[in-house]
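Keep the picture open as you read.

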Amino acid sequence: MNLEAFVLGCGGMMPLPNRHLTSVLLRREGELFLFDCGEGTQVSLRRLNLRWKKISVIFISHTHADHVTGIPGLLMLSSQVDRDDPLYIIGPPRIAEYIESSRRVLDMYINYEIIVKEITSPGIVYKGDGYHVRCFPLSHTKPCYGYTLEEDKRPGEFYPQKAKELNIPVGKLWGKLQKGETVKTEDGKVFKPEDVMGNSRNGRKFSFVTDSLASSEISTHVIGSDLFICEGMFSKELAEDAKAKKHMTAQEAAKIAAASSGVKKLALIHYSPRYTEHELKNLLQEAQAVFPDTVLTRDRMVFPIEYVD
């Protein structure tokens, strides 16, 4: 089952010619999930030829303009195609007010159901087949949340030789055992999945954190992330500015990744517009000195998220 993250925009505060505002799309087979929706989101969706009408849920970190200004256009665009499934929008308090006022003022024509859910407490905010999305609070200038999408554990490896040694007929019974079901053969013998399979295996985990003070609490939530996308808005020389504005430096993002057991890759995002493309390399070097497996995101960059075992 494929799991991929597409960076639609990597900038913060204001869009630049080669840096749209923050937005990441996660594709898990036929389902699409959007994390934040800054200005320019539609442009990257089109250039990547993604099936934006299949977006199931939009998860919003907070209601600052550079994270939500792309929503009205996306809502109107979705009315131009046949859409049978509802669109969920999940975010902090006042996200419902923003959606409703945008629809009213812009007199939007919407021909599908929009379900807005405001977060009232941390925890699981969305569940699907084989995965769940959890939110956790961040420390910013207004209510803000980070998100993780984590897959359920997978069955262990199936050992055909063991099944043959136990005289379990090849066919449907093998399939049922691999799905975690107990089976009974024609001679009345009962077999459990653990008789022919190894230990269960972890699914994959994606984490998204932007606009927050650095905090050890973040580490507890992003543990085990195969891909951890985190803001790295400033260089370490502007650490005091970052703290005053309740943002974090690239180095602080790396420290969180290093303190989070099992994080495999850190992808920095939401850069200050003060940094040129060349200057962003300084942020990368500062982060890699702490957490070597760090990369700079760029608009329309794609990250495949693979199974480890």
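This is a predicted model: local features need pLDDT of at least 70, side-chain atom pairs count only at pLDDT 80 or more; totals for chains, interfaces and linings use all residues.

## The overall picture

How big a box do the C-alpha atoms of the protein chain fill? Taken along the principal axes, the box is roughly 70 × 50 × 35 Å. The chain has 309 residues, and 50% of them count as buried. It exposes about 14,800 Å², with carbon and sulfur atoms supplying 48% of that area. Now look at who touches whom: among contacts with a separation of 6 or more, 65% are between residues 24 or more positions apart.

## Rings that meet

The structure holds 9 aromatic pairs. Take Phe35 and Phe208: their ring centres are 5.7 Å apart and their planes sit at 40 degrees, so this pair is called tilted. Phe35 belongs to strand β3 (residues 31-35) and Phe208 to strand β12 (residues 205-209), so the pair links distant parts of the chain, 173 residues apart.

Ring pairs join Phe35, Phe59, Tyr88, Tyr126, Tyr147, Phe206 and Phe208 into a cluster.

## Charges over a ring

Next, find Tyr307. Which residues have their charged ends over its ring? Arg154 lies over the face of Tyr307, 3.9 Å from the ring centre. The charged end of Arg204 also sits over the ring of Tyr307, at 3.8 Å from its centre.

## Salt bridges

Side chains of opposite charge can pair when their charged atoms come close. This structure holds 8 salt bridges. One of them joins Glu4 and Arg27, whose closest N and O atoms are 2.8 Å apart. Glu4 is in strand β1 (residues 3-9) and Arg27 in strand β2 (residues 23-28), which puts the partners 23 residues apart in the chain. How covered are they?

Another salt bridge brings together the side chains of Asp293 and Lys265, at 3.1 Å from N to O. Asp293 is in the loop between α10 (280-288) and β15 (294-296), while Lys265 is in the loop between α9 and β14 (266-269), so the bridge ties together parts that are 28 residues apart in sequence. Asp293 is partly exposed, with a relative accessible area of 34%, and Lys265 is partly exposed at 25%.

Then there is Arg298, whose side chain meets that of Glu277 in a salt bridge of 2.9 Å, N to O. Arg298 sits in the loop between β15 and β16 (302-304), Glu277 in the loop between β14 and α10, and 21 residues separate them. Arg298 counts as partly exposed at 26%, as does Glu277 at 32%. Which residues are linked with these two in a network of salt bridges? Arg19 is the one that joins Glu277 and Arg298 there.

Thr148 is found in strand β9 (residues 144-151), and it is buried, with a relative accessible area of 4%. Leaving out residues up to four places away in sequence, Thr148 touches His132, Val133, Arg134, Phe136, Lys205, Phe206, Ser207 and His221. One of these, Phe206, is also a member of the ring cluster.

Thr249 lies in the loop between α8 (239-244) and α9 (250-259). Buried or exposed? Thr249 counts as buried, at 1% relative accessibility. Its contacts, again without residues up to four places away in sequence, are Glu231, Gly232, Phe234, Ser235, Lys236, Ala239 and Ala242.

## A nonpolar patch outside

Finally, turn to the surface. Met76, Val105 and Leu106 make a nonpolar patch of about 280 Å² there. Val105 has its place in helix α4 (residues 95-105). With a relative accessible area of 66%, Val105 is exposed.

Conventions:
Residues are numbered from 1 along each chain as its sequence is written. Side-chain values use heavy atoms; hydrogens and water are left out. Rings of Phe, Tyr and Trp (its six-membered ring) pair if their centres lie within 6.5 Å; planes under 30 degrees apart count as stacked, over 60 as edge-to-face and the rest as tilted. Helices (H or I, at least four residues) and strands (E, at least two) are DSSP runs, numbered from the N terminus. A charge sits over a ring if NZ of Lys or CZ of Arg is within 6 Å of the ring centre and within 35 degrees of the ring normal. Patches are made of residues with over 30% relative accessible area and no salt bridge: like charges are joined within 9 Å, nonpolar side chains (Val, Leu, Ile, Met, Phe, Trp, Tyr) within 5 Å. Accessible areas come from the Shrake-Rupley method with a 1.4 Å probe; for residues, only the protein chains shown count as cover. A salt bridge is a side-chain nitrogen of Lys or Arg within 4 Å of a carboxyl oxygen of Asp or Glu. Buried means under 20% relative accessible area, exposed over 50%, partly exposed in between (1.4 Å probe, protein chains only). Contact means heavy atoms within 4.5 Å.
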